[in-house]
Amino acid sequence: MVSVKEKIGFISDMDGVIYHGNRLLDGAREFVHWLLENDKRFLFLTNSSERSPRELQEKLKRMGIDVGEEHFYTSALATASFLSKQCPGGSAFVIGEAGLLKALYDVGFSMNDVNPDYVVVGETRTYNFERIEHAIHLVLNGAKLIGTNPDLTGPTEHGIAPATRALIAPIELATSRKAYFIGKPNPLMMRQAQKRLGCATEETVIIGDRMDTDIIAGIESEIETILVLSGVTSESSMKRFPYRPDHVLKDVGEIPS
Ligand SMILES: [Mg+2]
């Protein structure tokens with residue numbers, strides 16, 4: 001096993017690794033500086049489909065880290081990439097935000113509320129009964145049901161908000177169809193990220209703060225994993241899982257040192 005510092009490609013989760021809410025985490029600035037200084041290839045990953053890479057870039061810039069938008073990869077991009085391969089030039093009825101709509105348009109999908117190939121659901125704050133009812137009709141008429149990510153909840157300033165899996169549940173229940181979810185822990189997203197970096201499996205490392213999404217997705221795509229303890233996982237809660245990361249670090253600031 002080559003040491004982590006010698007890896008070429010770095011796939012890093014954001015929340016709990018780089019920032020928490022609007023607060024930059026210890027070591028994040030040093031880590032990103034080190035990536036840039038050493039010409040590493042890197043992607044910041046998020047399971048959220050709400051924002052576009054540009055909006056994520058601006059968010060990070062406001063916190064004092066400035067990297068190009070090509071360094072961001074979201075479940076919206078992963079979903080669009082998957083769907084464009086499954087059904088080139090297809091159409092979708094979308095319950096989601098601008099980040100998801102833009103990703104689908106960018107791969108040549110059109111929006112269709114009459115007879116779409118897919119009903120695609122992601123995080124949204126404009127959720128209403130009429131859209132859900134319409135989505136149910138479309139799925140019963142043959143549209144395939146896709147969720148951008150399987151998260152039940154996501155963090156907000158006030159606590160938690162329902163995320164994609166909670167939002168898609170009424171459509172699954174009413175139609176008796178099961179959605180297919182693209183984001184972590186589906187290893188598909190890690191594979192796509194690795195391809196984007198253009199790195200071999202042995203040259204790549206995955207960094208995350210969650211055992212049941214980041215670390216398991218790394219293990220299932222056979223990419224080396226680093227768990228950082230700056231997010232939701234503690235050393236004792238890590239031990240409850242039937243698998244383990246390759247490395248455990250306090251925060252990403254330990255990678256360069
Ligand atoms: Mg995280």
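Predicted model: local features only at pLDDT ≥ 70, side-chain atom pairs only at ≥ 80, totals over all residues.
Residue numbers start from 1 along each chain, following the sequence as written.

The chain is divided into domain 1 (4–47 + 184–254) and domain 2 (76–181), with bounds that come from an automatic or database domain assignment. Their C-alpha centres lie 27 Å apart. At the boundary, 7 residues of domain 1 are in contact with 8 residues of domain 2; contact requires that the C-beta atoms of two residues, placed from the backbone, lie within 7 Å. The side of domain 1 that touches domain 2 comprises 2 nonpolar, 4 polar and 1 charged residues. In this classification Ala, Val, Leu, Ile, Met, Phe, Trp, Tyr, Cys and Pro count as nonpolar, Asp, Glu, Lys and Arg as charged, and the others, Gly among them, as polar.

Helices (H or I, at least four residues) and strands (E, at least two) are DSSP runs numbered from the N terminus, and two strands are taken to pair if DSSP finds at least two bridges between them. An open sheet of 6 strands, with parallel pairing, has the order β5-β4-β1-β13-β14-β15. The twist from one strand to the next averages 25°. Strand β4 (residues 41–46) runs parallel to β5 and is joined to it by 3 bridges, with F72 of β5 as the bridge partner of F44. Strand β13 (residues 204–208) pairs with β14 in the parallel sense over 4 bridges, and I207 stands opposite I226 of β14.

Strand β14 (residues 224–228) is mostly covered, with 5 of its 5 residues buried. A residue is termed buried if 20 or more other C-beta atoms, placed from the backbone, lie within 10 Å of its own. In a regular strand the side chains alternate between the two faces of the sheet. In β14, E224, I226 and V228 point one way and T225 and L227 the other way, and all are buried.

A second open sheet, of 5 strands and again with parallel pairing, has the order β7-β6-β8-β9-β12. Strands β7 (110–111) and β12 (180–181) form its edges, each pairing on one side only. Strand β6 (residues 91–95) and strand β8 (residues 118–121) share 4 bridges in the parallel sense; V94 has V120 of β8 as its bridge partner. Helix α5 (residues 129–140) lies across β6, β8 and β9 (144–147) and runs at about 150° to β6. Such angles run from 0 to 180 degrees between N-to-C directions, and axes are lines fitted to C-alpha atoms, for helices over the stretch in contact.

In helix α4 (residues 98–106), the buried residues are G99, L100, L101, A103 and L104. These residues pack against α2 (53–62), β5, α3 (75–86), β6 and β8. G108, which follows α4, has a positive phi near 90°.

The axes of helix α7 (residues 187–197) and helix α8 (residues 211–220) come within 8 Å and cross at roughly 70°. The two helices are therefore roughly perpendicular to each other, a term covering angles of 65 to 115 degrees. P187, M189 and M190 of α7 and A217, G218 and E220 of α8 make the contact, which by class has 4 nonpolar, 1 polar and 1 charged residues.

Definitions and conventions: Parallel < 35°, antiparallel > 145°, perpendicular 65-115°, else oblique. Buried ≥ 20, exposed ≤ 12 C-beta atoms within 10 Å, placed from the backbone.
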